[in-house]
Each structure stands twice: as structure tokens, then as C-alpha cells.
Amino acid sequence: MSPLYRLYRYEHGDGTAKEWAYADLGNGTARIRWGPAGRLRQSQSKPLRIALERAREKTLKGYVAIGQADIDATGAVALLSREGPDHRDPPTVAAAPTPDPKPTRDIAALLGGDDDGFYF
């Protein structure tokens, strides 16, 4: 039986998408797969901690956790369940608060107020 992968997807503005996934192999290692959406043909093994760190980096870059998937030897993806973020995934980073805009200044008041619109 093949391991279940945690699937992430990044959608480009032109409508195409790429995917990245990892599977915890249970012995401290993970299998990582990536490629165009639905065809994750490239793969490598890494320590699980590296895979989890990469998953965090992917979410910061805009990848979205899709759910669990089965990926066969050819890279074909079968989505098994759509779920919320994995409990090991880091929480999403909240956007920084927008600073208050600078106060506007009335240039006419600074120049004397009796201006006809012409400045020297």
C-alpha cells in the first residue's frame, strides 16, 4: 500500500497550477513529490523535519493545503479527502496591519492661503 500524501497546490494567474506533496513514512523520513497539478512525477526522500519545514515555506509562498492524496508510481494524483490544514502545518501568518496613512497637508494653508494657484 502506498503512503498517503499531504497535498498542496499553487495556482498561477494564467489558470495553471503546480502541486507539492509529502508523505510521512513513519521512520523519521518523508517522501516528497512535486510537479504540474495532477502529475507529481518528481520525487525524493528527505528527513521528516525537512519536509515539514518545506511545507511551511510553501504555505508562505502561497501554496494551499488541499487534503490527503494517493500518488501512484507514475505520479498520478487521486485526491482522497479535502481537509483543513494538517495539525503539523504551521498556522497561517496574519498579514501585517496596514499603517495609518500620512495626514494630508493643505499646501495652500502652508503657503499663506491667499493663493491664486501659481507658485514661484
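Which residue takes a positive phi in the hairpin of strand 3 and strand 4? I looked this up in a predicted model, where local features need pLDDT of at least 70, side-chain atom pairs count only at pLDDT 80 or more, and totals for chains, interfaces and linings use all residues. Residues are numbered from 1 along each chain as its sequence is written, and side-chain values use heavy atoms, leaving out hydrogens and water.

**Hairpin.** I found G38 with a positive phi near 85 degrees, in a hairpin that has five residues between its strands. Strands (E, at least two residues) and helices (H or I, at least four) are DSSP runs, numbered from the N terminus. Strand 3 (residues 29-36) pairs with strand 4 (residues 42-47) in the antiparallel sense over six bridges; pairing requires at least two bridges found by DSSP. I noted K46 in strand 4 as the bridge partner of A30.

**Helix 1.** I checked the span of residues 48-61: 14 residues at 1.5 Å a residue should give 20 Å, and the end C-alpha atoms are 20 Å apart, which agrees. The expected span is 1.5 Å times one less than the number of residues. I then listed L48, A51, A55 and K58 as buried (under 20% relative accessible area; exposed is over 50%, partly exposed in between; 1.4 Å probe, protein chains only). These residues cover an arc of only 70 degrees around the axis, which puts them on the same side of helix 1; the arc is taken from the directions from the helix axis to the C-beta atoms. R49 and K61 are exposed on the face turned away from that buried side. Just after helix 1, I recorded G62 with a positive phi of about 115 degrees.

**Whole chain.** I read the order of elements as β-β-β-β-α-β-β-α from the N terminus.
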